[in-house]
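Subject: Structure handover

Dear colleague,

I am passing the structure on to you with this message, and below it I have set out what was found in it. Please read the notes with the coordinates open beside them.

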Amino acid sequence: MSTEKATAIVLRVVEFSETSSVVTLFTREFGKIRALAKGARRPKGPFESALDLLGLCRIVFLRKSSDALDLLTEAKLERRFRPPGGELSNLYAAYYVAELLNELTDDYDSHPELFDAADETLANLRSSSAVAPVLLRFELTALRVLGHLPSLETCAECGKTVELVGRVPFSQSAGGVLCKSCRAGQRQIISLSAAALALMVRFSRPAAGSPAADSDHRAYGELRAVLNHYWSHLLGRPPRMQRYLGTGST
Ligand SMILES: [Zn+2]
């Protein structure tokens, strides 16, 4: 058993007993961890209000060596998540980010770049009204960091450069865009607009700050539909929060 310190985003808080909770945390240092927070449900418990869903905290925990839950010993809230003006679309988007982090990552598999992207995404969702670009960039970053990014500029079958003009054939099972010759014989192809693909390319590249809002709302909607499909395929079912995301046109 060792004592560890970490920066964490609170993904889930589940009642464990009358006074305790089990928390799922996405940490920058260790990836996802699950820990018992004794006394967390007492009004003046040791964590006070630090274990706030989607909040960012500094934590200290005892890492258990076996299958047992880790034990949270300290948590200090650094930033609470509150959507601007109680905006529901920002709140749902933030829950969606937490769900993806929880579903896509394994315990003790750290991805500092994904953590930073999530942290920045939540910060943007606290202030930004443009939910679609903030969320889409997070999703494309998550796909890239976790090794699931489809091939966007070269043919997924033969590696030839595919020109992104007009409408471009895209196959999830092949793993991305297809050139004209590889398109033949492929089933379950969708055709994506060059604008939606260009957005995918842009959002998948490392970038800091709030993503510039685009006026092309149709491309957002198209990309939303593609990603909904993509996540459902990857997870084996649609993410629970997916239906609250709307069409992505705002
Ligand atoms: Zn090809």
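In this predicted model, F170 stands opposite V177, a residue of β7. The strand β6, which covers residues 167-171, is joined to β7 by 2 bridges, and the two run antiparallel. They belong to an open sheet of 3 strands, whose order is β7-β6-β8 and whose pairing is antiparallel. Because β7 (176-177) and β8 (189-193) each have a single partner strand, they stand at the edges of the sheet, and one side of each is left without a neighbour there.

Helix α5, residues 194-204, touches β6, β7 and β8, and its direction makes about 85 degrees with that of β8. Helix α6, residues 217-235, touches β6 and β8, and for this helix the angle between its direction and that of β8 is about 150 degrees.

The protein donors of the zinc ion are the SG atoms of C155, C158, C179 and C182, which lie 2.3 Å from the ion. The angles among these 4 donor atoms run from 104 to 115 degrees, and the site is tetrahedral. Along the sequence, the donor residues follow the spacing C-x2-C-x20-C-x2-C. Within this set, the pair C158 and C179 links distant parts of the chain, since C158 is in the loop between α3 (131-145) and β6, whereas C179, 21 residues apart from it, is in the loop between β7 and α4 (180-183).

Are these two cysteines, C158 and C179, buried or exposed? For C158 the relative accessibility is 45%, so this residue counts as partly exposed, while C179, at 6% relative accessibility, counts as buried.

With kind regards

Terms used. Residues are numbered from 1 along each chain as its sequence is written. This is a predicted model: local features need pLDDT of at least 70, side-chain atom pairs count only at pLDDT 80 or more; totals for chains, interfaces and linings use all residues. Side-chain values use heavy atoms; hydrogens and water are left out. Two strands pair if DSSP finds at least two bridges between them. Helices (H or I, at least four residues) and strands (E, at least two) are DSSP runs, numbered from the N terminus. Contact means heavy atoms within 4.5 Å. Axes are lines fitted to C-alpha atoms, for helices over the stretch in contact, and angles run from 0 to 180 degrees between N-to-C directions. Donors are N, O and S atoms within 2.8 Å of the metal (3.2 Å for Na, K and Ca); water is not among the atoms, so sites may look incomplete. Four donors count as tetrahedral if all angles lie between 85 and 135 degrees; four count as square planar and six as octahedral if opposite donors are over 155 degrees apart and all others between 65 and 115; anything else is irregular. Buried means under 20% relative accessible area, exposed over 50%, partly exposed in between (1.4 Å probe, protein chains only).
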